[in-house]
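I opened a notebook page for this structure.

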Amino acid sequence: MTDRPISFALTITTLALASAGLLTLGACSDGIDAQAQTAAAPPPPPVSVAAVVTKKVVEHQEFSGRIEAVESAEIRARVRGTVEAIHFKPGSMVKKGDLLFTIDPRAYQAEMLRGEAAAAASAAKAELARTELERSKRLLADNAIAQRDFDERAANARQLEAAARADQAALASARLSVEYSAVRAPFSGRVGKAEVTIGNLVDGNVVLTSLVSVDPVYVSFDGDEGTYLALGPAARGGAEAVKVRMGLANETGFPREGRLDFVDNRIDPTSSSVRMRAVVDNKSGTLTPGLFARVQIGAEANSAESVLIHDAAIGTDQNRKYVYVLGEGNKAEYRVVELGQSIDGLRVARTGLKPGERIVVKGLQRVRPGAPVQPEEVPMASPAASGVTVASAK
């Protein structure tokens with residue numbers, strides 16, 4: 001009788017302890033579930049977002065070309081003779097009319113003197129014939145001579161005048177030969193080396209030297225069909241209004257500026273290209289014919305409103321370029337874009353974006369499509385101004 005109450009009390013105590021243990025385990029389980037839920041839903045990642053820039057831009061195309069001289073000539077002798085003197089230094093600058101070569105002029109000077117004498121004699125005869133003809137007119141009026149005699153004197157006067165003109169033409173030709181014996185520069189430019197030396201017999205078949213103009217120069221290149229269509233009316237006349245920028249192989253960017261001078265009248269069907277030519281100033285004389293040139297061309301008249309974004313906002317997904325657009329509820333929307341050229345530090349987005357939209361420009365690696373983000377507004381500026389690292393988007 002004494003043991004039964006003790007046993008009952010122990011049983012109640014055991015049950016109470018078990019219940020307390022179960023309650024403790026339940027409380028622990030609820031805490032673990034809450035922690036798991038907290039770990040499964042992290043806070044939205046902080047990102048920098050910026051509104052796209054909208055402005056009128058001109059997309060330029062780039063081509064490869066060659067520099068050409070506006071004027072180029074092979075200097076040849078116009079008379080036959082022996083080279084008597086060379087008056088220039090190879091590779092030097094010469095002005096129009098400068099003496100380059102002297103061909104022995106003595107034979108031509110003698111011919112000129114003979115022509116002067118012949119021209120003077122024929123002129124005197126013609127003058128005498130005219131005087132006699134005037135006298136014959138008065139005699140004919142007085143019936144002092146026959147009509148036949150007057151006609152003969154008139155014909156003789158005309159014949160002598162024609163002979164005088166022929167002698168004058170021969171004299172002019174002789175003078176030209178003397179003038180041509182001094183070979184002069186036909187225009188200003190840079191002369192090449194002398195292809196002959198003193199004492200050589202030359203004629204019109206022998207090249208004496210070459211001469212190219214220096215300022216300005218042509219830059220010839222093959223444009224594509226798309227550029228031709230973008231130029232519009234400028235490609236069919238009035239091309240001078242189109243600006244062209246140019247850079248040499250050792251120059252950064254396109255520091256030189258010119259204007260479009262010529263667009264060919266046909267498209268090459270085999271390459272879909274069209275021959276174009278620009279005029280560029282060359283006051284420094286550094287642009288030498290034959291040099292390789294990088295050409296940038298765009299039709300300012302065809303400028304259009306475009307959306308521009310920072311390169312840091314662009315991601316690469318295999319062969320596609322994309323950005324994250326900030327949508328409703330600050331959720332990131334995956335958007336494929338087609339990119340254009342880089343202008344003033346920003347990239348043209350031809351498709352995929354609209355004016356006024358905001359995109360992620362920093363923290364791109366922390367964003368997932370459709371997931372919310374914690375946005376911070378920044379300007380769509382250059383890397384130096386925004387502190388954003390640029391990623392290549394070529």
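Contact here means heavy atoms within 4.5 Å. I started with the whole chain on that basis. Residues 24 or more positions apart account for 74% of the contacts with a separation of 6 or more in the protein chain.

I noted what I am working with. This is a predicted model, where local features need pLDDT of at least 70, side-chain atom pairs count only at pLDDT 80 or more, and totals for chains, interfaces and linings use all residues. Residues are numbered from 1 along each chain as its sequence is written, and side-chain values use heavy atoms, with hydrogens and water left out.

**Overall build.** I looked up the secondary structure and found 5 helices and 23 strands in the protein chain. These are DSSP runs numbered from the N terminus: helices are H or I with at least four residues, strands E with at least two. Next came burial. The protein chain has 394 residues, and 34% of them count as buried. Buried means under 20% relative accessible area, exposed over 50%, and partly exposed in between (1.4 Å probe, protein chains only). I also noted the accessible surface, about 23,200 Å², with 54% of it belonging to carbon and sulfur atoms. Such areas come from the Shrake-Rupley method with a 1.4 Å probe; for residues, only the protein chains shown count as cover.

**Aromatic pairs.** Rings of Phe, Tyr and Trp (its six-membered ring) pair if their centres lie within 6.5 Å; planes under 30 degrees apart count as stacked, over 60 as edge-to-face and the rest as tilted. I get 5 aromatic pairs by this rule. One of them joins Phe-88 and Phe-101 edge-to-face, at 5.3 Å centre to centre with 75° between the planes. Phe-88 lies in the loop between strand S5 (81–86) and strand S6 (93–94), and Phe-101 in strand S7 (residues 99–103), so the pair ties together parts 13 residues apart in sequence. Phe-88 is buried at 12% relative accessibility. Phe-101 is buried too, at 0%.

I then checked Tyr-324 and Tyr-334. They form an edge-to-face pair, 6.2 Å centre to centre, with 70° between the planes. Tyr-324 is in strand S19 (residues 320–326) and Tyr-334 in strand S20 (residues 332–343), 10 residues apart. Tyr-324 is buried at 5%, whereas Tyr-334 is partly exposed at 26%. Ring pairs link Tyr-322, Tyr-324 and Tyr-334 into a cluster.

**Charges over rings.** I count a charge over a ring if NZ of Lys or CZ of Arg is within 6 Å of the ring centre and within 35 degrees of the ring normal. Arg-277 lies over the face of Tyr-218, 3.8 Å from the ring centre. Arg-294 lies over the face of Phe-254, at 5.0 Å.
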